[in-house]
Amino acid sequence: MSYLSNRVAGFGTTIFTEMTALAREHNAVNLGQGFPDFPAPDFIKEAAAKAISADINQYAPLPGSPRLRQAIADKTKRLYGREVDPNTQVQIVNGATEAIYATIQGVVNPGDEVIMFEPYYDSYVPCTTMAGGIPRYYTLRAPDWHIDRDELAKLFNDKTKLLIINTPHNPIGKVYTREELQMIADLCIEHDVLVMADEVYEHIVFDDAEHVQIASLPGMEERTITVSSIGKSFSVTGWKIGWTVTTPELNKAVFKAHQFIAFAVASPLQEASADALFHAEESDYYPWLAKMYQDKRDYLLSALNDAGFKTLTPQGAYYILLDISEMGRGNDVDFCRYLTKEVGVAAIPPSAFYSNPADGATIARLTFCKTDEMLAAAAERLQTLK
Ligand SMILES: Cc1ncc(COP(=O)(O)O)c(C=O)c1O
């Protein structure tokens, strides 16, 4: 007899584990996992050291540090024009990962349907099924990742409770336009469906793309739970400080789940995150971050194009997709193994982010959130393919 619950028995180990091990074994430049390999900014590290020295080391208040909630409310007002009450509309959680889990636990009942766009961030499906929800997929297709209103409308019915959107999108780099968001919003309002908006890459947008919060569209504030976190914006993915911003009623749903998932979140890191958000409000930090990543994106794109790869240019987040349909190296998993072993550059096969793996079989994901030296080393290895 297996001791595992039915809830978790079907979960495999993530593709990241296999690719990281393969990258190590072949001493490959690892452009697989999406975490920066360069130092976090001094101001956020110093703020964390100061908070620990000041003995902010005990359980944080259950809703989260008041300063951090205030900093999030300030930023929501300045950047997105939304007035939110930090005391009743902001909840601090352990990274966007817990925000996703707590939101779904807080609003989805067994049998409820949850619409998500694929490729999806890999926790959406298990979080949905652990709540007894049923995932419904809208497949985004390369090269333009267009959303067809009628096709999307077919997924809605009277069991639909929640729609999950991720913008800027991992892994396709799509930044949803205002028009697309409006079309999704209209359907959600028509069918009385809630939205969870995963916006962890909100500050990493390129060229003339603009990050729009779906919560800022008319009629959406009252049905949207916006999720974000400190990790991607301040290069501290190991901190796991995340948050939700929503209505007081939906905030209660997240709060009630969170109190029995984690109860509280690392106190000194919350204070340091508050300092970092206040610092960003008073400086050009976010434009600097976007420019830093745009330079890295452009460098890796040109190295890949130079080596003969067909690429899809991302408008946001920090991933580039390769179109491998004409490479003759098998599906995405075969190709990523080949690239890691033979070329010495590790990538991630996106079929793991689709309900039907065949839909992701012709693309491969590389990240550019790495030092210039690391990207140059990857470029050098890619040149050997010329
Ligand atoms: C789309 C998306 N959502 C959520 C997360 C998780 O964020 P956190 O590290 O804050 O838990 C990630 C991390 O890669 C992500 O890419």
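1. A polar contact is a pair of N or O atoms within 3.5 Å. This cut-off is needed for the first points of this note, which concern a predicted model. In the model, a polar side-chain atom of Asp198 lies 2.6 Å from a nitrogen atom of the ligand. Because a polar contact requires N or O atoms within 3.5 Å, the distance of 2.6 Å at Asp198 falls under that limit.

2. For Ser229, the distance from a polar side-chain atom to a ligand oxygen is 2.7 Å. For Asn170, an N or O atom of the side chain is 2.9 Å from an oxygen atom of the ligand. How much of the ligand does the protein bury? Taken alone, the ligand exposes 400 Å², and the protein buries 93% of that.

3. The residues surrounding the ligand include Gly95, Ala96, Thr97, Tyr121, Asn166 and Lys240. Asp198, Ser229 and Asn170, described above, also belong to this group. By type, the shell divides into 4 nonpolar, 5 polar and 3 charged residues. Which element gives the most to this shell? Helix α5, residues 95-107, does so, with 3 residues. The space that the ligand takes is the largest pocket.

4. The aromatic side chains deserve a separate remark. A pair of aromatic rings is described by the distance of the centres and the angle of the planes. The count for this model comes to 21 aromatic pairs.

5. Most residues other than glycine have a negative phi, and most peptide bonds are trans. Glu118 and Pro119, however, are joined by a cis peptide bond, with omega about 5 degrees. Pro119 is placed in the loop between β3 (113-118) and α6 (124-130).

6. A cis peptide bond also joins Ala142 and Pro143, with omega about 0 degrees. Where is Pro143 placed? Its position is in the loop between β4 (134-139) and α7 (149-153).

7. Asp207 has a positive phi of about 50 degrees, although it is not a glycine. This residue, Asp207, lies in the loop between β6 (194-198) and β7 (224-229).

Key: Residues are numbered from 1 along each chain as its sequence is written. This is a predicted model: local features need pLDDT of at least 70, side-chain atom pairs count only at pLDDT 80 or more; totals for chains, interfaces and linings use all residues. Side-chain values use heavy atoms; hydrogens and water are left out. A residue is near a molecule or strand if one of its heavy atoms lies within 4 Å of it. A polar contact is a pair of N or O atoms within 3.5 Å; within protein, one must be able to donate a hydrogen and the other to accept it, and residues adjacent in sequence count only if both atoms are side-chain atoms. Accessible areas come from the Shrake-Rupley method with a 1.4 Å probe; for residues, only the protein chains shown count as cover. On a 1 Å grid over the protein atoms alone, a cavity is a set of points where a 1.4 Å probe fits but cannot get out, and a pocket is an open set with protein on both sides within 12 Å along at least five of seven lines; lining residues have an atom within 4 Å of a point. A molecule sits in a cavity or pocket if more than half of its atoms lie within 2 Å of its grid points. Helices (H or I, at least four residues) and strands (E, at least two) are DSSP runs, numbered from the N terminus. Ala, Val, Leu, Ile, Met, Phe, Trp, Tyr, Cys and Pro count as nonpolar, Asp, Glu, Lys and Arg as charged, and the others, Gly among them, as polar. Rings of Phe, Tyr and Trp (its six-membered ring) pair if their centres lie within 6.5 Å; planes under 30 degrees apart count as stacked, over 60 as edge-to-face and the rest as tilted.
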